[in-house]
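Here is a short briefing to read alongside the sequence and the 3D view. Take a moment to get oriented, and then follow the topics below.

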Amino acid sequence: EVFNLKTSLFISNKASTYDFYYFFTAVFIYGFSFAIVNAILNNFLNETFTLSGFQRGMLELPRELPGFLVIFVSALFFFLCTRRLAALSHILAAAGIFLLGHFSTGYGIMLIWLFIMSLGQHIFLPLISGIGMESAGEGNIGKRLGQLNSAGNIAQIIGGFIVFIGFKFLNFDFPISFTIAAAGMVISAFLLYRMKPDDLHPEHSKFTLRKEYRLYYWLCILF
């Protein structure tokens, strides 16, 4: 029985290690892909639709609206565990990125693709910390989150550098760049799907507000 217990723990720890590698790589690819998108988006919008400064500013409404709606969208997918929801978010982002780069035939159509891309992005953002903390051992939560943030930051630097090299020396254009970013999101979605599903939150879980955290809540709202 002791041998079986040790074997079970070894297999469990090994699976957890693989899950973290999958997630770490997915976060890296996510940062890389959106670094490409963010680096070219303004130029793409300007050259495709010749937007004024005011029109470009107004685009932040459909781009950031998913950040407000994410709590409701996540509730619609209550039947998915966080890791499966993360995979779905990357599929949404990949679809939005690809359609944005190849099928923005009009301003209104472009807004739809932009919304889908942003929805996938905003669903994943709060999941990074949650899934990251699940993979951390006792007392290592800060270290784990630091590793994930480092991966994302390094990936963004590399993604921006790739855009610079690609457009200057490799004849990149907007469709090629968006395709690379979308492909990256598909790969990261596959990695997230490879992770072992975590437990669903119990139905009786409630959204809890604590009086002593009220200043922190206001800071989050302002942010």
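**A buried arginine and its surroundings**

Arg 56 counts as buried, at 18% relative accessibility; buried means under 20% relative accessible area, exposed over 50%, and partly exposed in between, with a 1.4 Å probe and protein chains only. This is a predicted model, in which local features need pLDDT of at least 70 and side-chain atom pairs count only at pLDDT 80 or more, while totals for chains, interfaces and linings use all residues. Residues are numbered from 1 along each chain as its sequence is written, and side-chain values use heavy atoms, with hydrogens and water left out.

**Salt bridges and polar contacts**

- Let's stay with Arg 56, which lies in helix H2 (residues 53-58); helices are DSSP runs (H or I, at least four residues), as are strands (E, at least two), and they are numbered from the N terminus.
- The side chain of Arg 56 makes a polar contact of 2.6 Å with that of Asn 42. A polar contact is a pair of N or O atoms within 3.5 Å; within protein, one must be able to donate a hydrogen and the other to accept it, and residues adjacent in sequence count only if both atoms are side-chain atoms.
- How many salt bridges are there? The count comes to three, where a salt bridge is a side-chain nitrogen of Lys or Arg within 4 Å of a carboxyl oxygen of Asp or Glu.
- One of them joins the side chains of Glu 60 and Arg 56, at 2.8 Å from N to O. Glu 60 is partly exposed, with 27% relative accessibility.
- Glu 60 also forms a salt bridge with Arg 63, where the closest N and O atoms are 3.7 Å apart. Arg 63 and Glu 60 are separated by about one helical turn, because they are three residues apart in helix H3.
- Arg 63 is buried, its relative accessible area being 15%. Through shared partners, salt bridges join Arg 56, Glu 60 and Arg 63 into one network.
- Elsewhere, Asp 19 and Arg 83 meet through their side chains in a salt bridge of 3.1 Å, N to O. Asp 19 lies in helix H1 and Arg 83 in helix H4 (residues 82-102), so this pair ties together parts that are 64 residues apart in sequence.
- Buried or exposed: which describes Asp 19 and Arg 83? Both residues are buried.

**Aromatic rings**

- The structure holds 16 aromatic pairs. Rings of Phe, Tyr and Trp (its six-membered ring) pair if their centres lie within 6.5 Å; planes under 30 degrees apart count as stacked, over 60 as edge-to-face and the rest as tilted.
- One of these pairs is edge-to-face: Phe 49 and Tyr 107, at 6.0 Å centre to centre with 85° between the planes. The pair links distant parts of the chain, with Phe 49 in helix H1 (residues 2-49) and Tyr 107 in helix H5 (residues 107-134), 58 residues apart.
- Tyr 107 is partly exposed, at a relative accessible area of 35%.
- One aromatic cluster is formed by Phe 44, Phe 167, Phe 172, Phe 174 and Phe 178.

**Charges over rings**

- The charged end of Arg 144 sits over the ring of Phe 20, 3.8 Å from its centre. A charge sits over a ring if NZ of Lys or CZ of Arg is within 6 Å of the ring centre and within 35 degrees of the ring normal.
- Arg 84 lies over the face of Tyr 193, at 4.4 Å from the ring centre.

**Positive phi in two loops**

- Most residues other than glycine have a negative phi.
- Thr 50 has a positive phi of about 50° although it is not a glycine. Thr 50 sits in the loop between H1 and H2 and is exposed, with 61% relative accessible area.
- Asn 171, also not a glycine, has a positive phi near 60°. Its place is the loop between helix H6 (141-169) and helix H7 (174-194), and Asn 171 counts as exposed at 69% relative accessibility.
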